[in-house]
Amino acid sequence: MAGKKASMGGYIARRLVYSLLIAWGILTITFLLLRLGPGSPADKYLANIAASGRVRDIAQVQAAIDARYGLDKPLYLQYVDYISNLLHGNLGWSLSTSLPVTELLSKHWIYSFELIFLSTVFAVLIGVSIGIYSAVKQHTKADYAVTVFSFMGISIPNFWLGIMLILVFSVKLGLFKTYYDTSLPLFSLGNLKAMTLPVITLGSGMLAGYSRYVRSATLDNLRKDFVRTARAKGLPERTVILKHVFRNAMLPVITIIMLDLSGVVFGGAYLTEIIFGIPGLGRISFNAIFADDYAVVVAVTLIGAMVTLIFNLLTDIAYTFLDPRVRYV
Amino acid sequence: MYKISRNLLFAIVISVIIATMALDQFALKEKLLPPLGYFYVFFSVFMLFYFVYPLYRNQRLTLYYWERTRKNKLAMLGLFFIVFLIILAIAGPFFTADPNYVNFEEKNLPPLGFTTSQSVYDRDTGSLRNAEIRGTWKHPLGTDDKGRDILAMIVSGARVSLQVGLVATFIALMIGTVIGVSSAYFGGAVDNVLMRFTDIMMTFPFFLLLVFIVFIFGADLTLIILIIGVTGWTGAARIVRSEALSLRTREFVLASRALGASDTRIIFRHLIPNVMGTLIVIATLSIPGVILAEAALSFIGLGDPTVASWGRILNAGQDNLETTWWVAVEPGIMLFLTVLSFNFLGDGLRDAFDPRSEL
């Protein structure tokens, strides 16, 4: 037992070090991409100054801006600046909104969180139930219906689904507003109603995916010996499914949900926020792109990657507690 | 023996293509093909040499897989739609109008069989009046708010989607295969470095990374294809690696090493042909993701503004949902059917290539 604990601690420590390494890789790749790109964060600013015609010597302004942003330094020093700024939690200054990026993010992250959280709850609750149901009823009409439905859910482009929902429920039926109302208090029934269409938009693809995973994981476990034993003991079918099959089937599903949450969901949330006008991180990054506001775009990309990294780490660590069979090599 | 001559022939053909491209890009005044065109030629030649020809040579195996795939009705339905889409993309633009032709006289026409009520300018009285507008045969899918024919835009969008889907997936799989196979075959430090790099790339949420790079480097169709290809290889690399790892210890590889085969020979003659089945399945299942990624980019306005991508039509349609709902509905249906078809086909192929599955 002691040996196991020690190796588990070592495993977690190794995972932590390893995650730091990946974090460093992410920062470095982002930095290199920024420097390789043809544009500069100051381009738009310079263009505005040049267009105003008030400044005669634009090269002087350019030099001043370069000095201010440290762009006149050698590349390795810029790199050191970049990393040390990020380590100090300084994400830069948003030119288009005239706010520090950290302040901007702290105002808007809650909307993304809300959307992703509600969608995940929606997708997990429904996806897991219909997944188990269709596995238990394998080869029935209901099972085929779930299979076809999940194929459709996976294939439907979520941004198109969002537009179609707006077209039907907002424009034609008038049940919802076509745009998210930001004046609503975050914890209110009205806000929950406003989130209905966005949650369906983002959640339906996740739901379809989960129901497929849960179905196949449940089918795998239904054939296992311990299920036969449980049935032979005379346990009611309900207990067999919920206590024996479900618990074992959920392990791989939890991993998939956690991994999905980071990779797939961020892209979906980005698009959903844009369609419905929800002022989350995706939406501010979208606005920043068209305002040439580099700092915000970089910050949102980095946050996406870092949250993914943390999720992966948590999944790995959670797994060591959930599944006693996992070996810590 | 044939293997060497095929590789040699392939090398010769590719050098001719590259030479023509270099000449075309730098020396000739009239461009023969855009850079993307050469991409496409290269892609087709590669597929001909390393996909169509092996299928033709191993007719029995090909027939066996075909029989297995054919049993899956949904997969056949998907294949049918994909073939239709390819024909549409190749031949369609010759029969439809110019997708960029703007004609305000015929704006906001509904699709055939639908009528809408719109206020139109009456030339005789010089005032606006309400009129019932009917869909016409001239524009079977209607027109948008600038009078562009939607059928023409959808046909040219099919071309864009397929180009992006096929070429970007091809690039991604090439990179994924090289990384996966070398990681598995050489192991040790090579494996460590390559897999850690894969982990880093995988930690970026794919779409955010895509948006980030397109934002930095600009939106040009060729560039977007390249970017999707260069960022989208991670999943393939992992799967190929695990396949190759299990193949590496199999008896036939050991036997061929005992007979004195070189690394290159083992990799090209044994490892890669044996992961080909998996690669085809991965390709079929990643194409829809790539098509969706490009559509999503165009949809948020980061796509190539010069091409009529389905995402771009959707973007335009989103703004006028109250009046011209069909502009947003039609390209979405095409996108949905395309993605669904590739998913159906990919699922069928996966079952067909999996010897353990009973059909």
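Chain A is divided into domain 1 (2–101) and domain 2 (108–322), the bounds being taken from an automatic or database domain assignment. The C-alpha centres of domain 1 of chain A and domain 2 of chain A lie 32 Å apart, and their contact, in which two residues are paired if their C-beta atoms, placed from the backbone, lie within 7 Å, takes 20 residues from domain 1 of chain A and 18 residues from domain 2 of chain A. On the side of domain 1 of chain A that touches domain 2 of chain A, at least two residues each are supplied by helix H1 (2–36), helix H2 (43–52) and strand E1 (93–94) of chain A, where helices (H or I, at least four residues) and strands (E, at least two) are DSSP runs numbered from the N terminus. The largest share of that side, 10 residues, comes from H1(A). Sorted by class, the side has 12 nonpolar, 5 polar and 3 charged residues, with Ala, Val, Leu, Ile, Met, Phe, Trp, Tyr, Cys and Pro counted as nonpolar, Asp, Glu, Lys and Arg as charged, and the others, Gly among them, as polar.

This is a predicted model, in which local features need pLDDT of at least 70 and side-chain atom pairs count only at pLDDT 80 or more, whereas totals for chains, interfaces and linings use all residues. Residues are numbered from 1 along each chain as its sequence is written, while chains are lettered from A and ligands numbered from 1 in the order in which they are written.

For chain B, the assignment gives domain 1 (1–57), domain 2 (70–101 + 147–353) and domain 3 (109–142). The C-alpha centres of domain 1 of chain B and domain 2 of chain B are separated by 20 Å, and the contact draws 6 residues from domain 1 of chain B and 7 residues from domain 2 of chain B. Helix H2 (residues 35–57) of chain B gives the most to the side of domain 1 of chain B that touches domain 2 of chain B, namely 5 residues, and the residues of this side divide into 5 nonpolar, no polar and 1 charged.

As for confidence, the model scores ipTM 0.84 and pTM 0.85. The mean pLDDT (the predictor's confidence in each residue, from 0 to 100) of chain B is 82, and 93% of its residues reach 70 or more. Within chain B, confidence is lowest in strand E1 (residues 115–122), at a mean of 69, and highest in helix H5 (residues 150–186), at 88.

Finally, His139(A) has a positive phi of about 65 degrees although it is not a glycine, and His139(A) is placed in the loop between helix H5 (101–136) and helix H6 (141–155) of chain A. His139(A) counts as exposed because it has 8 C-beta neighbours inside 10 Å; a residue is buried with 20 or more other C-beta atoms within 10 Å of its own, exposed with 12 or fewer, and partly exposed in between, the C-beta atoms being placed from the backbone.
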